[in-house]
Amino acid sequence: MARAVLALGDSLQAEVTCPICLELLSEPVITECGHNFCGSCLTAVLGVPPRPADCPQCRATVVPGSLRPNRSLGAVAGLAGTLGDEARRPRCPAHGEALGLFCESCRIPLCPLCREGPPHRHHCARPAEEAAGELRETLQSNLVFLQKEKEEFNPNGEKKSDDLLEKVTSERQRLRDTFEQLQKFLQEQEGTLLARLDQAHGELTRERREYVSSVSERKSLLDTLIAEIEKKRDQPVVEFLMDVGKTLSSCEAAKVPLPEPVSPELQRTVKNLSELSQLVLGAVAKFKVNLLSEMDRERVKVTLDPETASPYLILSKDRRTLRLGERQQTLRDTPKRFTGSPSVLGSQGFTTGRHYWELEVGSGDSWAVGVALESVQRADSLLMAMGKIWALRLDWNRQYTALHMPPAPLALQDKLRRIRVHLDYEAGEVTFYNVENMMQILQYKASFTEKVFPYFWLWSRETYIQLCA
């Protein structure tokens with residue numbers, strides 16, 4: 001119906017449009033040939049002073065003084081203008097009706113038919129004009145506030161950024177200088193120790209060469225003496241006694257002990273250098289461990305919480321290794337304990353920050369590691385509790401699975417042995433890495449509003465889960 005009325009309005013406006021100015025007729029006049037024009041438009045055609053002219057529509061002669069006012073048509077033109085204004089009002093795209101109402105709940109204009117529909121039937125609706133007036137006042141007050149804000153707008157965030165940039169640059173230079181000094185110091189110490197070792201090496205080489213020469217000379221002397229004595233013992237008496245003194249002297253020389261292959265002093269030198277080398281190696285190793293420990297603040301030491309452990313699970317004394325027992329144990333029943341699945345939580349939970357821990361899994365299957373909310377149901381099966389668990393699982397059929405609702409299989413080529421679980425509480429991220437190559441395995445996106453704990457599940461006696469120190 002509304003579309004028909006609009007079409008009728010368009011036709012009516014066409015009938016009362018001036019052929020000269022193409023606007024609605026204003027103070028229309030009718031010619032003797034029966035055509036209507038705006039009075040001012042036709043006056044312009046006749047000129048000053050008025051003279052006969054052709055009708056703009058049919059070319060018949062229009063004589064000045066023959067024009068008559070057409071007041072009725074002027075009234076119709078006024079009505080057509082009003083109807084046109086109405087037609088130009090925004091219409092409901094669904095019903096074609098004028099948008100004369102405003103839904104305060106949805107903050108959108110409505111037509112009467114929209115007002116009665118299910119989406120808005122129970123909402124508060126007001127006349128559009130009334131709502132617009134009130135909202136104009138609201139926008140005006142907002143405009144005044146925003147203009148004032150603009151006048152007083154003087155953020156100094158750049159200064160904070162500049163300060164931080166300056167600090168980062170300064171720390172970068174300090175680190176570079178420190179490491180350069182450390183490298184220089186280590187190179188100096190390396191040069192000193194290597195020079196001492198090179199000196200010891202040279203002395204050992206010299207003493208070894210002297211020892212080898214002494215051994216060779218002694219062997220030659222022994223061979224000569226043995227041959228000489230074997231020849232001399234059968235000589236006649238006088239001939240035998242002629243140079244027996246020389247032979248006996250040579251025998252005494254052959255009995256003198258060989259010198260030590262390495263002098264006691266050089267042995268002490270090598271021993272001291274070896275001990276010093278071990279001290280240096282130990283100090284460097286300890287330094288590396290301490291430095292990495294100080295730098296790696298996100299790493300946390302996770303232990304298993306025995307109060308949450310299922311009666312089917314066996315925890316090591318240090319609470320770092322988890323195995324499946326042969327039978328159910330008799331344990332004190334607590335609200336924290338998992339009774340519906342062979343699960344256990346870590347002792348420490350997190351409500352903020354970034355943290356990670358690493359673990360090893362045995363060669364068997366049927367294990368899962370990840371995180372769980374503190375409110376995870378302890379008496380439910382793993383399937384029922386899955387909505388509050390974000391974990392990586394290896395199923396009985398050797399299929400890796402993203403363990404959350406809904407669970408999804410993973411296409412992994414590598415067999416996982418050592419895994420890193422990284423929790424970013426504020427970002428709502430749980431990420432799993434293969435520690436052997438630090439490739440990302442899986443990442444969950446979540447929104448945490450309560451404490452999150454490390455989570456472990458095991459259902460095979462052929463494997464184990466061990467937290468890394």
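Which residues line the second largest pocket? In this predicted model, select Phe102, Glu104, Arg107, Arg126, Ala131, Glu134, Leu135 and Thr138, and the lining is on screen. The volume of this second largest pocket is about 150 Å³. Colour the selection by class: 4 of the lining residues are charged, 3 are nonpolar and 1 is polar. Now show helix 5, residues 128-152, which supplies the largest share of this lining, 4 residues.

**The largest pocket**

Helix 6 provides the largest share, 10 residues. By class, the lining of the largest pocket has 14 nonpolar, 3 polar and 2 charged residues.

**Helix 6 against helix 9**

Keep helix 6 and helix 9 and hide the rest. Their axes come within 11 Å and cross at roughly 155°. Helix 6 is therefore roughly antiparallel to helix 9, an angle over 145° being the cut-off for that term. The crossing of helix 6 past helix 9 is left-handed.

To see the contact, select these side chains:

- on helix 6, Leu182, Leu193, Arg196, Leu197, Ala200, Glu203, Leu204 and Glu207;
- on helix 9, Leu266, Val270, Leu273, Leu276, Val280 and Phe287.

This contact is made up of 11 nonpolar residues and 3 charged ones, with no polar residues.

**Helix 6 against helix 8**

Follow helix 6 on to another partner, helix 8 (residues 244-255). Here the two helices pack at an angle of about 145°, and their axes are 10 Å apart. Helix 6 passes helix 8 in a left-handed crossing.

- on helix 6, Arg218, Leu221, Leu222, Leu225, Glu228, Ile229 and Lys232;
- on helix 8, Val244, Thr247, Ser250, Cys251, Ala253 and Ala254.

The contact of helix 6 with helix 8 divides into 8 nonpolar, 2 polar and 3 charged residues.

**Backbone stops in the loops**

The remaining stops concern the backbone. Most peptide bonds are trans, and most residues other than glycine have a negative phi.

Which value does phi take at Glu27? Glu27 is not a glycine, yet its phi is positive, at about 45°. Find Glu27 in the loop between helix 1 (2-15) and strand 1 (28-30).

Move to the bond between Val48 and Pro49. This peptide bond is cis, with omega near -5°. Pro49 sits in the loop between helix 2 (39-46) and strand 3 (53-54).

Finish at Met405 and Pro406, which are joined by a cis peptide bond with omega about -10°. The loop that holds Pro406 runs between strand 15 (400-403) and strand 16 (408-409).

Methods:
Residues are numbered from 1 along each chain as its sequence is written. This is a predicted model: local features need pLDDT of at least 70, side-chain atom pairs count only at pLDDT 80 or more; totals for chains, interfaces and linings use all residues. Side-chain values use heavy atoms; hydrogens and water are left out. Ala, Val, Leu, Ile, Met, Phe, Trp, Tyr, Cys and Pro count as nonpolar, Asp, Glu, Lys and Arg as charged, and the others, Gly among them, as polar. On a 1 Å grid over the protein atoms alone, a cavity is a set of points where a 1.4 Å probe fits but cannot get out, and a pocket is an open set with protein on both sides within 12 Å along at least five of seven lines; lining residues have an atom within 4 Å of a point. Grid points are joined across faces, edges and corners, and a volume is the space filled by probe spheres set on the points. Axes are lines fitted to C-alpha atoms, for helices over the stretch in contact, and angles run from 0 to 180 degrees between N-to-C directions. Angles under 35 degrees count as roughly parallel, over 145 as roughly antiparallel, 65 to 115 as roughly perpendicular and the rest as oblique. A crossing is left-handed if the near helix is turned anticlockwise from the far one by less than a right angle, and right-handed if clockwise. Contact means heavy atoms within 4.5 Å.
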